[in-house]
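The sequence and structure come first, followed by the description.

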Amino acid sequence: MASFSSQTETNIEYAAELFRKAKYAVVLTGAGISTPSGIPDFRSEGTGLWSRDEPMEVASLSTFRTDPERFFVWFRPLAGQIFNAAPNPAHIALAQLEEAGRLRFIITQNIDALHHKAGSRNVIEMHGTLRTLSCTHCFQKAKAPQYLKAFIEQGELPRCSGCNGLMKPDVILFGEQLPQKAWYEAQRECRQCDLILVAGSSLEVLPVAGLPMQAVDRGAHLVILNNARTYLNVRADVVIQEDIASILPAIAEQALNG
Ligand SMILES: [Zn+2]
């Protein structure tokens with residue numbers, strides 16, 4: 001069991017109490033919840049992926065269209081890390097909260113499917129997912145694992161079994177629209193929740209970063225669990241700036257057993 005300062009203990013207790021009292025809790029997760037699973041935040045400076053190439057350029061729709069091989073070369077190590085990653089205690093804590101009826105929806109900025117691997121069911125993936133790929137010619141969808149293994153291990157580009165067209169991972173690239181269905185669902189959840197937990201997101205990527213504000217403006221409580229300041233810290237009931245993989249399980253444990 002991790003031990004925390006008394007201030008942190010108090011914050012954990014308060015966050016857990018908010019979960020116990022909430023009638024409709026939702027969570028917004030970002031890259032910070034997956035870094036303990038070994039997945040780099042490719043938008044953050046200082047990661048290996050950033051220094052080799054500018055992700056906003058190489059991970060863009062225009063690069064994918066004009067030079068897909070360059071995109072796939074950049075994407076391969078990231079895909080490997082994601083494919084082999086396992087959910088950490090923070091993902092598992094959220095799945096337990098959902099299972100116990102304490103959490104309605106997870107809205108995530110991540111593409112790594114770790115919430116699904118942890119057993120969460122109601123997950124809205126704002127930036128798409130690496131769970132599936134779609135053919136760029138005939139739009140046939142396919143589950144990713146059958147293609148990803150050969151791509152990660154041999155660098156074989158994923159090709160459609162129907163028309164041999166190039167398959168694009170269903171992740172939202174820079175310059176690409178957010179999936180409309182996910183956006184509507186996320187707004188719906190944020191407008192009806194009475195508690196929103198921001199976990200591992202610095203709330204810097206628009207428009208998703210604006211979602212918690214919609215909840216707070218309608219009177220929802222706000223808990224922020226992130227290692228960097230966010231623009232909404234001033235509106236939060238509780239802010240905890242510590243290791244998410246130990247704090248979130250502590251909150252869930254107290255919310256479920258306290
Ligand atoms: Zn096809």
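## Sheet and helix packing

In this predicted model, S134 stands opposite K141 in β5. Strand β4, residues 128-135, is joined to β5 by three bridges, and the two run antiparallel. Both belong to an open sheet of three strands in the order β5-β4-β6, with antiparallel pairing. β5 (141-143) and β6 (167-171) stand at the edges with a single partner strand each, so one side of each has no neighbour in the sheet. From one strand to the next, the twist averages 40 degrees.

Two helices lie against these strands. Helix α5 lies across β4 and β6, while α8 packs on the sheet and touches β4, β5 and β6. α5 and α8 also pack with each other, their axes 9 Å apart. The angles are as follows.

| Pair | Angle |
|---|---|
| α5 (residues 68-84) and α8 (residues 145-154) | about 115 degrees |
| α5 and β6 | about 55 degrees |
| α8 and β5 | about 70 degrees |

The crossing of α5 and α8 is left-handed. On the α5 side the contact is made by F72, F75, R76, A79, G80 and F83. α8 contributes P145, L148, K149, F151, I152, E153 and Q154. What kinds of residue make up the contact of α5 with α8? Eight are nonpolar, two polar and three charged.

Terms used: Residues are numbered from 1 along each chain as its sequence is written. This is a predicted model: local features need pLDDT of at least 70, side-chain atom pairs count only at pLDDT 80 or more; totals for chains, interfaces and linings use all residues. Side-chain values use heavy atoms; hydrogens and water are left out. Axes are lines fitted to C-alpha atoms, for helices over the stretch in contact, and angles run from 0 to 180 degrees between N-to-C directions. Helices (H or I, at least four residues) and strands (E, at least two) are DSSP runs, numbered from the N terminus. A crossing is left-handed if the near helix is turned anticlockwise from the far one by less than a right angle, and right-handed if clockwise. Contact means heavy atoms within 4.5 Å. Ala, Val, Leu, Ile, Met, Phe, Trp, Tyr, Cys and Pro count as nonpolar, Asp, Glu, Lys and Arg as charged, and the others, Gly among them, as polar. Two strands pair if DSSP finds at least two bridges between them.
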